[in-house]
Amino acid sequence: MSHPADSRGVPEPRPDVDAQASARAFREHVEPQLEVLLRVAQSLTGNAADAEDLTQETLIRAYNAVGRFDGRHPRAWLLTILRHTHLNMHRRQRPETVADWESLRRTRPAFGASAPHSAEEEVIGLELHDHLERALAELDPRFRAVLWLVDVDDLSYAEAAAALGVPVGTVMSRLSRARERVRHHLGPNILTARRLP
Amino acid sequence: MIRSLRAVVTCHWSARRIQRYLDADPAALLTPGEVSRLESHLATCETCAQVANEHRTLHRALSRWPGRPAPDPVAVARLRGFVDQLVGEEQ
Ligand SMILES: [Zn+2]
């Protein structure tokens, strides 16, 4: 290696000024994203324990790289690191996808509950949810990944692109086709008669 | 006949923009001109209005997937502690 240690992300000897700036930048850019990171890590790994490990490892890498981060789009920056870290830790996963459907389905409720707003909404939600589960199970995993990250995990197109390592245009076309397939699978009756308030 | 052909063209044009209109994602915003053209079409075309409603319902249902949106607060607290460890020595 011809490079001096400073460009390699080794946190070893850094001047105190740099270290303090890094610490500040880390607090500012990374700390507000912890919940999103954990949520997406859960979607990538499909289980809570792996998600926490992955998030910790991502935080270490982000800390070593924060001195070179320009401060723009911290969430997309972190999700790119999350994806690389995930690929290093779990090489078996298919590229451009999230966890397999069974583990997404199974582990999701282990996360904190989001209470429905009313009993009526709960019934409506559960019924629609059943249909949705079947529709999502039939999607191509690459289509399902985009739908999951944008519609369930609430990422922007650019953030989903970073998390999956694909261009934004690819996110948009897969998302659009995934939604059309689910919409046709459910049909107008299910989607209109059970409209959520 | 010409009139109905124009309507079909507008439906097709609208169909390709409904999701972007509803998402309003910063990476793919419609122009103000596109928004007003689409909105006036949705106000008069039942078919396209129905499609837009179905997309709204679908997104709402997915965004309320059980367990969304709050991750386990205990795990989040552990991660905050981890951040404190990482940063702590420098402050
Ligand atoms: Zn129309």
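Analyst: Contact means heavy atoms within 4.5 Å. By that rule, and not counting residues up to four places away in sequence, A:A51 touches A:L38, A:A41, A:Q42 and A:T45. This is a predicted model, where local features need pLDDT of at least 70, side-chain atom pairs count only at pLDDT 80 or more, and totals for chains, interfaces and linings use all residues. Residues are numbered from 1 along each chain as its sequence is written, chains are lettered from A and ligands numbered from 1 in the order in which they are written, and side-chain values use heavy atoms, with hydrogens and water left out.

User: Why is A:A51 called buried?

Analyst: Buried means under 20% relative accessible area, exposed over 50%, and partly exposed in between (1.4 Å probe, protein chains only). A:A51 has 0% relative accessibility, so it counts as buried. The residue belongs to helix α3 (residues 48–65) of chain A. Helices (H or I, at least four residues) and strands (E, at least two) are DSSP runs, numbered from the N terminus. From A:A51 to A:L37 is 14 residues in sequence and 8.9 Å in space, C-alpha to C-alpha.

User: What makes A:E159 buried?

Analyst: Its relative accessible area is 15%. That is under the 20% limit, so A:E159 is buried. A:E159 is part of helix α8 (residues 157–164) of chain A. Beyond its neighbours within four places in sequence, A:E159 has contacts to A:R75, A:A76 and A:L79.

User: What makes the site of the zinc ion tetrahedral?

Analyst: Start with the donors: N, O and S atoms within 2.8 Å of the metal (3.2 Å for Na, K and Ca); water is not among the atoms, so sites may look incomplete. The protein donors are B:C11 (SG), B:H41 (NE2), B:C45 (SG) and B:C48 (SG), at 2.0 to 2.3 Å from the zinc ion. Four donors count as tetrahedral if all angles lie between 85 and 135 degrees. Four count as square planar and six as octahedral if opposite donors are over 155 degrees apart and all others between 65 and 115; anything else is irregular. The angles among the four donor atoms are 101 to 116°, so the site is tetrahedral. Along the chain the donors follow the spacing C-x29-H-x3-C-x2-C. B:C11 in helix α1 (residues 2–15) of chain B and B:C45 in the loop between α3 (32–44) and α4 (46–63) of chain B are 34 residues apart, a link between distant parts of the chain.

User: Is B:C11 buried, exposed or partly exposed, and why?

Analyst: B:C11 is partly exposed, because its relative accessible area is 24%. B:C45 is at 12%, so B:C45 counts as buried.

User: How many aromatic pairs are there over all chains?

Analyst: Three. Rings of Phe, Tyr and Trp (its six-membered ring) pair if their centres lie within 6.5 Å; planes under 30 degrees apart count as stacked, over 60 as edge-to-face and the rest as tilted. One of the pairs is A:F26 with A:Y63, 5.0 Å centre to centre, with 90° between the planes, so it is edge-to-face. A:F26 in helix α1 (residues 16–29) of chain A and A:Y63 in helix α3 of chain A are 37 residues apart. Both A:F26 and A:Y63 are buried.

User: Why is the pair of A:F69 and A:W77 called stacked?

Analyst: The planes of A:F69 and A:W77 are 15° apart, and the centres 4.1 Å, so the pair is stacked. A:F69 counts as buried at 13% relative accessibility, and A:W77 does at 17%.
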